[in-house]
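Look at the structure first, then read on.

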Amino acid sequence: MKNVESVWQEMLSVLEVEVNSLGFDVWIKPLRVIRVEDNILGVVSPTPGSKTEVIAKYLPLLKRTLRDIEDAPAALIVISEDEVPEYLEQADKPSAASELSGEDDKPKTAMLNPKYTFAKFVVGGCNRYAQAIAREVAEHPGEACNPLFIYGDVGLGKTHLMHAIGNEIRMSMPNMKILYVSSDTFINEFIASIRSPNGVNNQSFRDKYRKVDLLMIDDVQFISKKPATADEIFHTFEALKSAGKQMVFASDRPPKDIPDLDSRVRSRFASSVIVDVQAPDLETRVAILQTKAQDVPINIGMNELMYIAERVTDNIREMEGVLTKAVFLSRLYERKVDIAICQEALRDYQVQEHDEINADEIVNCTCRYFNVKKDDLIGKKKNKEIVEPRQIAIYIINELLPNLPLASIGEFFGGREHTTVMHARAKIGSLIATDAKIRTAVNDIKAMALRK
């Protein structure tokens, strides 16, 4: 990569056109750049909160802009100012060529974010199993849970768990060689290695990835339709597996659903311990926001946290971005975070509700499914034949209409408190994982409502 400052100035000239003036002034202009490695540009954000916002809103644009102006393969990461010393230490290590060739045999820890730990990971029903398996890997690498394959939608905590594994092992087993990379980095380094004359860098590349004790590759879905890269992944997998070394992979979908993936690689991924990270329930989302608010730190009330958590339901990173934006706006307006500020922060994140679905229709579908009267379902009766369908209806309303406040749902069901709605949501959410009858009922009623 050429001089990073000149690269950044070229990028800024593009970004100033691509990003609206407010976004450019608030989020892009305060950024600076460092060289992390020869082919990795580090974009430094002033605070962890602004880093979250930049990643959530601008990371794809930043990567695309870098690709457009840089001829050689290059990767881009966003870090916060307090993470710079670790990355500069990484850059000051021996050159990539000497490190890859094995001239430096000191333990290596690549690109681990020290803030992503198990202590900072908020556990709920959506991720409890994945977190437990990740802890098992961290405590006993290379044993029963090897390889580990974590999948789930964007922004649900897969990357956090991977970094937590690496950070835990780094603390308890400091002699282990740890390598965490994104699939983008793996692909770019592989391309660079095969372009080198006489295959010198190709061997260095293989040594880098096959002489570690823990290899973690994020977003492996992007190796689909790349047969040469998939072949390299396959041989790396085989080498590490035979040596008893731990591997962790992450993807936005399970191996069987990654399209156009090399059959051998799919088979190896499928042989892993596969765990999923699901969208968090309301209580977990509020707990995540509370943890985030403590880190900022910011004094924010439960009503405001609940307001955000009710409206951003399926992406933790996006939800944290809303909180970060609310904090920024509160400082800009010099007042505490209130509902009005939360509404403004949510403006770019609002999820569009289905035009043809409303709470009344979901209740009607529930009544037909269970053959109960509507007055009973939304009324005061507490016998099990009514309570369970009522809780299912509340769960489905909360899921299909995430922007509908809990207080409004409670009012619809006979003036119940929002805590009753939360209880119903949590109870059915936990039963879905263990009770096939409940799971079938929820899916069938949702299908009925969506067909309307």
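## Ground rules

This is a predicted model, where local features need pLDDT of at least 70, side-chain atom pairs count only at pLDDT 80 or more, and totals for chains, interfaces and linings use all residues. Residues are numbered from 1 along each chain as its sequence is written, and side-chain values use heavy atoms, leaving out hydrogens and water.

Helices are DSSP runs (H or I, at least four residues), numbered from the N terminus. Axes are lines fitted to C-alpha atoms over the stretch in contact, with angles from 0 to 180 degrees between N-to-C directions.

## Helices α6 and α7

Helix α6 spans residues 128-139, and helix α7 spans residues 158-172. Their axes come within 9 Å and cross at roughly 30°. The two are therefore roughly parallel (angles under 35 degrees). The crossing is right-handed (the near helix is turned clockwise from the far one by less than a right angle).

Contact means heavy atoms within 4.5 Å. A130, Q131, A134, R135, V137 and A138 of α6 meet L161, I165, E168 and I169 of α7.

## Helices α12 and α14

Helix α12 covers residues 282-295, and helix α14 covers residues 316-333. Their axes come within 10 Å and cross at roughly 45°.

From α12, the contact uses R285, I288, L289, K292 and A293. From α14, I316, M319, E320, L323 and T324 take part.

Methods
Angles under 35 degrees count as roughly parallel, over 145 as roughly antiparallel, 65 to 115 as roughly perpendicular and the rest as oblique.
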